[in-house]
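User: I am learning to read protein models and would like to go through one feature by feature. Could you give me the general idea each time, and then the case at hand?

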Amino acid sequence: MCKQVTSVLYNSRVHLRRLFAIMDKDKSGTISVDEFKDAIHQVNNRLSNPLSDLQITNLHRAIDQDGDGEIKYDEFFDALKVVDLEEHKDNKHKKRKRDN
């Protein structure tokens with residue numbers, strides 16, 4: 001479920017900080033469950049299997065690592081685990097050169 005949402009966000013090339021700011025409608029520095037639901041409902045139309053409200057709430061809980069009911073940026077970023085693929089390839093190439 002989270003993997004599918006992450007894929008949509010990555011494929012859309014949405015910058016994570018900007019996305020977080022968009023989702024944080026009240027500019028509190030965190031994303032509440034209601035803000036998260038609103039944002040995911042907008043993404044749902046791109047998913048082959050849209051998430052239910054219960055799934056969205058459960059996803060919010062899973063991302064909210066400290067269980068305070070709000071998603072902070074570091075929790076958001078950690079949950080999505082988006083990797084810059086070009087940087088990853090460069091690092092692998094550099095490692096191979098060092099190993100040889």
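User: How many helices and strands does the chain have, and what pattern do they follow along the sequence?

Analyst: Helices (H or I, at least four residues) and strands (E, at least two) are DSSP runs, numbered from the N terminus. In this predicted model, the chain has six helices and two strands, and reading along the sequence gives the pattern α-α-β-α-α-β-α-α. Residues are numbered from 1 along each chain as its sequence is written, and side-chain values use heavy atoms, with hydrogens and water left out. Because the model is predicted, local features need pLDDT of at least 70 and side-chain atom pairs count only at pLDDT 80 or more, while totals for chains, interfaces and linings use all residues.

User: What does pLDDT tell me, and where is confidence lowest and highest in the chain?

Analyst: pLDDT is the predictor's confidence in each residue, from 0 to 100. The chain averages 80, and 66% of the residues score at least 70. Confidence is highest in strand β1 (residues 30-31), at 98, and lowest in helix α6 (residues 85-99), at a mean of 55. Over residues 83-87 the pLDDT is below 50, and this stretch has three contacts in the model beyond near neighbours in sequence, where contact means heavy atoms within 4.5 Å.

User: What share of the residues is buried?

Analyst: Buried means under 20% relative accessible area, exposed means over 50%, and partly exposed lies in between (1.4 Å probe, protein chains only). Of the 100 residues in the chain, 30% are buried.

User: Which residues touch the most other members of the largest nonpolar core?

Analyst: A nonpolar core is a set of buried Ala, Val, Leu, Ile, Met, Phe, Trp, Tyr and Cys residues joined through side-chain atoms within 4.5 Å. The largest one here holds 17 residues, and those touching the most other members are Met-23, Ile-31, Phe-36, Leu-51, Ile-71 and Phe-76. At least two residues of this core come from each of α2 (16-23), α3 (33-44), α4 (53-63) and α5 (73-80). To follow one member, set aside the neighbours of Met-23 within four places in sequence: Met-23 is then in contact with Ile-31, Glu-35, Phe-36, Ala-39 and Phe-76.

User: Which residues of α4 are buried, and why do they fall on the same side of the helix?

Analyst: In α4 the buried residues are Ile-56, Thr-57, Leu-59, His-60 and Ile-63, and they lie on the same side of α4 because they cover an arc of only 160 degrees around the axis. Leu-54, Arg-61 and Ala-62, on the other side of α4, are exposed. In α5, Glu-75, Phe-76 and Leu-80 are buried, and since their arc around the axis is only 125 degrees, they too are on the same side of α5.

User: How many salt bridges are there, and which residues are linked in a network?

Analyst: Side chains of opposite charge can pair when their charged atoms come close. A salt bridge is a side-chain nitrogen of Lys or Arg within 4 Å of a carboxyl oxygen of Asp or Glu, and by this rule the count comes to four. Asp-66, Asp-68, Lys-72 and Glu-75 are linked in a network of salt bridges. The closest N and O atoms are 2.8 Å apart between Asp-66 and Lys-72, 2.7 Å apart between Asp-68 and Lys-72, and the N to O value for Glu-75 and Lys-72 is 3.7 Å. Lys-72 is partly exposed, at 24% relative accessible area, as are Asp-66 at 46% and Asp-68 at 44%, whereas Glu-75 is buried at 3%.

User: Where does Glu-70 lie, and which residues is it in contact with?

Analyst: Leaving aside neighbours within four places in sequence, Glu-70 is in contact with Thr-30, Ile-31, Ser-32, His-60, Asp-64 and Glu-75. The C-alpha atoms of Glu-70 and His-60, ten residues apart along the chain, are separated by 8.3 Å. Glu-70 is partly exposed, with a relative accessible area of 25%.

Definitions and conventions:
Arc of directions from axis to C-beta.
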